[in-house]
Amino acid sequence: MNCRQNGQAIIFGLLFLAVVVMALLILYNQGQLVNDRVQLENAADATVYSQAKLAARNQNFIAYTNRSMVANETSIGQMVALLTWAKRYGQIPSFTTYPVYNTPIAPPSPVTFKQVLDVVTLPYVLMGQGVAAPVNAIVQVWPTVVSYFNSAVGVFQKMFAVATLAAQVETGIGVVEDHEDDPDNPEMYIPVVGWYFFTQNALLTYFGENFDLGNLASLLPAGEAQDMTRDFVGDQIGSLENMINDNTPALGNKKGKNAGGKNSHVNTGEDAEAKAVESYKRYAAIVNRNREDFTKDRHWEVGASIPDLIPEITIPLGIIKLTIDLDFAIWGGVAADGGTAYVSRSALESDADIGMLGWSSIDMLSFGIRFDIGLFVEVELCLPIVGCNSWVLLDIAFQLPIGFPLGGATHQVVREAADAKRLMPQWGFPGQNDTGKWGGDPDDTNNNGAFDAFHAQGLIWGNINPAPGMYGLAGSRDVTPRYAGPPSFFSLGGSFQESGRSYEFTTAVAKSLEDVSTSDSDKHNINSDGDAWDSQNVHFTNFDVQTRSRTEGGDGAAAYQQFIWGDDRPMMTVSSAETYFANPMQTLSDGSAEPASLFSPFWDARLREPSQISLLIATGEIDFEDLFAGIGNSAIGMVGWLLGAIGDRLVNTGVDYLLANVPPPVDSIIEDPLRDGAGQVTDLAVDAVVGELEDFMP
Amino acid sequence: MRPITLAHTRGQAMTEFVVSVAFIFMVLFVAVPMFGKLMDIKFQNLQASRYAAWERTVWLQDRHAWNTDNLAPWVAANSNSNDFVISNAEFESIAVRNNDDLANTVRNRFFYGHGRSVIKPISAADTDGSGGPASPLWTYVQSRQPMLAGVQVLDTQEQDTNSVAYDVIGTLGGTVNAIAAPVNFLMGALGAENDDLLNIDFNMKGYYSPQVRASLNTAAAKGGGSGQWDRVDGQWGSGIEDMIYQNWDGVFTANSAILADGWNAQSVGYFKDRVDNLVLSTVFDNAVFDVVKTIASILEGGPGNSAIHKIDFGDIQVNPMPGENGQPLPVTCDGGFCYYDD
């Protein structure tokens, strides 16, 4: 009995020790797995955030350059405005031939109004002709220079968009690599599904309108499809739209409808034309809103007035009190009005109409008198106990202007002479106080723009008298067909203007569980000089924590999962981000926040929860080929195709548009450098990115 | 052979128990806590590296971050720092934190002054020097000495955005700069204000990849840090806990990286300054034209009354896009004239 008890305690002790050692290993392995998992998530968060940040850069770059284009555009208007302002003075001699002015001022003296006016207005004529000559020379060149420059900026936008996509690939790789513990021995990688997410975002951002959500809904659980889709693409249930629209005049006509296959994702459909028209209407409205004060409204007046001298009359009639106020004021003097607008001769309903956008400007100068007449009648009834109440019976006010012509001028800068207006009715009618278009101020009753009734005689004389020949009748003198048309530019899709949020950016980052330094993987190289503790002989696979998910197993789902994650035992994570618009330093006049646009550079990036649909794609529940058929099944294939296709679709189309609008011989001069520059981005840079990706992928 | 008697076996179980318990207790009371402490420091180090990178998405390194590199001298002289406002207007006041202050916040928010009975709140003072001792949890089991020797935040300098495509853009921008140089020179002589015309002076950097290194005080471990766990001569040294340093220098290293600058406008001036680089009409915004328009305005009743005096060459409007209740205002088009009815 005693012999059997020998060493009994140490057996229990060793068993207990084994349990404790195993617990220690579990603790260690768990710690390592958690550490690597956190590191993986850190890398994924930083990667997707950086990709979104690059997208925000692109959107801000578009905003800065769009504003530059608007400012350049308005500078054309400014020059045209300066020209008509000067021409209006320079053409005074053509207006003093107005028949009425041939009558003597004080018969029998033969001195006529014309003679007096010619003397009085001489300084104005000299100034007008002195300024008009050099400004006219500038107007012959400036619209061409500026509109070509704007088109070049538009091409630069597209090059930067492609550069951004390339940078998103490179930065994604760089951020993951810079999270490595040992950069010389990288373990983390972005798997195929990560590059699919990148491709998906780029396609939706630029070509979202080509996709149909009907297919997606059929892949989702019934009853949850709508919420999940909303989480995935925002409030665009029904039909998707591009987040960023590439607006190029006549682009919709040039590009065919979807032809199917891989490239169907980057063609434009019929909707493109309608969207382009909407975008250019918006562009025109922004340009008109950004006209500086001189371009928008050139009202000034000098004169004297006799104020209202008729007192207000109050007639008490017992419990009734009648108040009558008759206003009658007279003003006499000289008044000038003018305005310049970015307009189209057509109603802007089709792609072709966009090309008719151009600058039109008018300035008028008249002298005369203006009567301000008003009548106000109010009755007040006062009753005991009830108190007093009053009613306005009449409240009218109007002006009666009588102006005589002194000067007037118009000028138009258009792409083709045929796009110009020719007759006054195409501009407006006397008395048409269309404030904002041809000058005017809604807050000033004496400032109603160039078509104020005060200028009625001048406006009509300008049309019927061949000497001034206003409105485009005089042909090349008043029409400069040197405008290259509105620029190609990027704009924000309608629903994104309302939401201020981009499509979801998602990335996936993984590392093989074999690379996690647990006792299983033996990365610590526990080595005791080749004895039994050598790493080759020790495998604590029982301590492997099961983080493998569906990659385990031999079924098709596991094989698919292994394919999209690039490993049969991956530790994996996904992370999502988005760009959003928030202007922290300016508010609207009603105190609310500025709506999102690609005209204000207040885009930033933030992390967001991955959408359910992204998670379903990541876990292999949804095959991404079911969503975007034919985009390829390798990271290099997808990314290479995407960058190449977008480069061709955006950059080369932009270059073609620019060259098509540049006349000889300038087109031949700029074509080579322009295509070389575009080629550097679309070919060299893309090749470099694909090469880098080939090195990066496991 | 003598038979084993009760007297000979007396105390054997006790001996075996003591020996086995010694091993068990060594694991339970030395190894397990050590692992726990080490992992805690390692996790904290990992989180600190994330923090060091992400802080740059909030705090600019300085106001001169990119103004001089890769730019022509006449552009570099026009410092972009003027675009960054530091004022009482908080909404437009740029947040700046230099690398030393950032490193101090890393130390104070992750490593020092925590683990006490009083929770240490985040405060502006975190940018100052060390905020107290390290957590009492981070002490060696045997020696009772603090484990943490120090924390370094390295590689904090802003770097170029890693992209061949950006390099191409930069090259194109450089070409445009060269073309614009004589124009800028001539217009500068006339008093033009836009001396960075045609310069693509966006920040091509904005990338950060900091590293945080938490160093353990190896010498403070029981045994002085020279212990060996697999010595064959049975001389394990005077401590157990310092054996971990046999093949390890006691430094936890964690790397992180992020692109922090999205080029969003930091002030209205910043907004305008980026826009006017590509506005050609700014060349007319000079003293000569100012004189001409002032003279011309006399014929229109003087500068205050005239139209011509309002002309503003190179005008750049950076007002918000029109809207109502935060939503975009619809465009009205009438006879080819499109406008916002606001």
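The model being predicted, local features need pLDDT of at least 70 and side-chain atom pairs count only at pLDDT 80 or more, whereas totals for chains, interfaces and linings use all residues. Residues are numbered from 1 along each chain as its sequence is written, chains are lettered from A in the order in which they are written, and side-chain values use heavy atoms, with hydrogens and water left out.

The size of an interface is often given as the accessible area lost when the parts come together. Between chain B and chain A the buried area is about 9600 Å², and carbon and sulfur atoms give 66% of it; buried area is the accessible area (1.4 Å probe) that two parts lose on being put together, summed over both. Of the area that chain B buries against chain A, 8% is supplied by B:Leu299, B:Met321 and B:Phe337, more than by any other three residues.

The rule finds 1 salt bridge across the interface of chain B and chain A, a salt bridge being a side-chain nitrogen of Lys or Arg within 4 Å of a carboxyl oxygen of Asp or Glu. The side chains of A:Asp45 and B:Arg50 meet in a salt bridge, at 2.9 Å from N to O. There are also 43 residue pairs in polar contact between chain B and chain A, both residues at pLDDT 80 or more. A polar contact is a pair of N or O atoms within 3.5 Å; within protein, one must be able to donate a hydrogen and the other to accept it, and residues adjacent in sequence count only if both atoms are side-chain atoms. Helices (H or I, at least four residues) and strands (E, at least two) are DSSP runs, numbered from the N terminus.

Each chain may also be considered by itself. Chain A has 20 helices and 11 strands, and buried residues make up 57% of its 698 residues. Buried means under 20% relative accessible area, exposed over 50%, and partly exposed in between (1.4 Å probe, protein chains only). Chain B has 7 helices and 9 strands, and 49% of its 342 residues count as buried. Among contacts in chain A between residues at least 6 apart in sequence, 78% join residues at least 24 apart; in chain B, residues 24 or more positions apart account for 68% of the contacts with a separation of 6 or more.

Aromatic pairing supplies several links. The count comes to 48 aromatic pairs over all chains; rings of Phe, Tyr and Trp (its six-membered ring) pair if their centres lie within 6.5 Å, with planes under 30 degrees apart counted as stacked, over 60 as edge-to-face and the rest as tilted. A:Tyr283 and A:Phe489 form a tilted pair, 5.1 Å centre to centre with 35° between the planes. A:Tyr283 lies in helix 10 (residues 271-289) of chain A and A:Phe489 in strand 8 (residues 489-492) of chain A, so the pair ties together parts that are 206 residues apart in sequence. Both A:Tyr283 and A:Phe489 are buried. A:Phe602 and B:Phe271 form an edge-to-face pair, 5.8 Å centre to centre with 90° between the planes. Because A:Phe602 lies in the loop between strand 10 (570-581) and strand 11 (603-608) of chain A and B:Phe271 in helix 6 (residues 268-275) of chain B, the pair joins two chains. A:Phe602 counts as buried at 3% relative accessibility, and B:Phe271 counts as buried at 1%.

In A:Asp118 and A:Lys114 the closest N and O atoms are 2.6 Å apart; being 4 residues apart in helix 4 (residues 113-120) of chain A, A:Asp118 and A:Lys114 are separated by about one helical turn. The salt bridge of A:Asp656 and A:Arg675 has an N to O distance of 3.0 Å. A:Asp656 lies in helix 19 (residues 635-661) of chain A and A:Arg675 in helix 20 (residues 666-696) of chain A, so the pair ties together parts that are 19 residues apart in sequence.

Terms used
Contact = heavy atoms within 4.5 Å.
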